[in-house]
Amino acid sequence: MSASTETPFKEQPLLEVRDFQVELITDAGIIRAVDSVSFSIHRGETVTIIGESGSGKSTTAMGILRLLPEDLAVLSGTVMIDGVDISADPKAIDKVRGKTLALIPQDPMTALSPVHSIGSQLFEAIRIAGAASAKDKDALQARAVRLLEQVHIPTPEKQLKKYPHQLSGGMLQRVLIAIALASEPQLLVADEPTSALDVTVQGGILDLLLELQEQRGIGILMITHDLGVARLISDRIHVMKDGSFVESGEVQQIVDHPATEYTRSLLAAVPVLGPWDETPADARGAHAAGGSSATTTDPALTQTGAKP
Ligand SMILES: Nc1ncnc2c1ncn2[C@@H]1O[C@H](COP(=O)(O)OP(=O)(O)OP(=O)(O)O)[C@@H](O)[C@H]1O
Ligand SMILES: [Mg+2]
């Protein structure tokens, strides 16, 4: 559903983070996992936080979403989501999380309940989003099918009856994206959405995100340790080390002219992905719906949407 009225004043960022800090209270003492980071994301933009393991990427995302345990994480700084200051009023996050803002969790294999069908988990998300009532089974089913179609899952009616173990990792990641989209969010936070997937499936998921962004103008906060992923999808990159941004800028600037040795080492760790505008479609897997490379077959998912 597109907005019925266009407001010319929507220039405020979808997400604005200022001097954000997270201190974790651990047995070994207090760790400043996130140290005064600032960034913003506008509609239609992808901003990536990249950094080595333990640099504080997930803590930043989880802190912004207020998903860290309150008694163990001390947050400070300002977080504005679509103009709403959620740092001043912690309860305000409940109004935006799962609505304006949705999270694509990291591990598709564990993020879904193994004992509930894909359909029932998607219906629940739709119900929570208020897009259909639990009683209106037909509306729930229609919306669920539509969401699975949007993420290019073939034969959605059949997939709804399946359980997570019956789907490939790529398919499950698509289901998680469908669940995130149930609320028609304006901002997606994707914490390593492809790192559990093999490289061909990864390309399909990244293209899907770019396509959704093109269609809906959503903003994306991408978290990755992979500069190959970052350069495909990002407008801007923030390079994180020990809780701080050591370097920030346009994607091409960072990739072509890294200012720090640390960024150069991240660059050096990237497997060669080929030239800027990407791999041929015939390098992808064969048809095998439900099989391990099922998501690589859709020609609409080849990496044509990569950011220049
Ligand atoms: N539950 C925890 N208990 C203690 N320290 C933690 C905990 N979670 C995170 N930390 C600390 O916070 C730092 C940042 O962790 P975080 O998970 O945000 O890193 P990351 O950049 O997401 O890493 P990865 O790429 O491995 O996901 C870690 O180095 C660790 O010291
Ligand atoms: Mg992490």
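The protein chain has 11 helices and 10 strands, where helices (H or I, at least four residues) and strands (E, at least two) are DSSP runs numbered from the N terminus. This is a predicted model, in which local features need pLDDT of at least 70, side-chain atom pairs count only at pLDDT 80 or more, and totals for chains, interfaces and linings use all residues. Residues are numbered from 1 along each chain as its sequence is written, while chains are lettered from A and ligands numbered from 1 in the order in which they are written.

Let me begin with the chain as a whole. Of its 308 residues, 42% count as buried. A residue is buried if 20 or more other C-beta atoms lie within 10 Å of its own, exposed if 12 or fewer, and partly exposed in between, with C-beta atoms placed from the backbone. Among contacts between residues at least 6 apart in sequence, 68% join residues at least 24 apart; two residues are in contact if their C-beta atoms, placed from the backbone, lie within 7 Å.

I turn now to the ligand. Which residues are the closest to ligand 1? They are Ser53, Gly54, Lys57, Ser58 and Thr59, out of 13 residues that surround ligand 1; the criterion is a C-beta atom, placed from the backbone, within 6 Å. Strand S1 (15–26), strand S2 (29–41) and helix H1 (57–64) each supply at least two residues of this shell. H1 gives the most, with three residues. By class, the shell has three nonpolar, nine polar and one charged residues. In this scheme Ala, Val, Leu, Ile, Met, Phe, Trp, Tyr, Cys and Pro count as nonpolar, Asp, Glu, Lys and Arg as charged, and the others, Gly among them, as polar.

Seven of its eight residues are buried, so H1 is mostly covered. The buried residues of H1 are Lys57, Thr59, Thr60, Ala61, Met62, Gly63 and Ile64. Ile223, in strand S8 (residues 219–224), touches Lys57, Ser58 and Ala61, and also Ile49, Ala190, Asp191 and Glu192, not counting residues up to four places away in sequence. Ile223 is itself buried, because 24 other C-beta atoms lie within 10 Å. Ile223 and Thr60 are 163 residues apart in sequence, and 9.6 Å apart in space, C-alpha to C-alpha.

Pro13 and Gly219 are 206 residues apart in sequence and 9.3 Å apart in space, C-alpha to C-alpha. Leaving aside neighbours within four places in sequence, Pro13 is in contact with Ser40, Ile41 and His42. Pro13 is buried, with 20 other C-beta atoms within 10 Å.

Next, helix packing. Two packed helices are described by the angle between their axes and the distance between the axes. Axes here are lines fitted to C-alpha atoms, for helices over the stretch in contact, and angles run from 0 to 180 degrees between N-to-C directions. Helix H7 (residues 169–181) and helix H8 (residues 199–216) pack at an angle of about 15°, with their axes 10 Å apart. That angle makes H7 roughly parallel to H8; angles under 35 degrees count as roughly parallel, over 145 as roughly antiparallel, 65 to 115 as roughly perpendicular and the rest as oblique. The contact is made by Gly169, Gly170, Gln173 and Ile177 of H7, and by Val201, Gly204, Ile205 and Leu208 of H8. By class, this contact has four nonpolar, four polar and no charged residues.

H7 also packs against helix H4 (residues 118–129), where the axes come within 8 Å and cross at roughly 25°. H4 is therefore roughly parallel to H7. Ile118, Gln121, Leu122 and Ala125 of H4 meet Val175, Ala178 and Ile179 of H7. The residues of this contact divide into six nonpolar, one polar and no charged.

Finally, the backbone. Most residues other than glycine have a negative phi, and most peptide bonds are trans. Arg66, in the loop between H1 and strand S4 (73–81), has a positive phi of about 55° although it is not a glycine. Arg66 counts as partly exposed, with 19 C-beta neighbours inside 10 Å. His152 lies in the loop between helix H5 (137–150) and helix H6 (156–160), and its phi is near 60°, also a positive value. Is His152 buried or exposed? With 20 C-beta neighbours inside 10 Å, His152 counts as buried.
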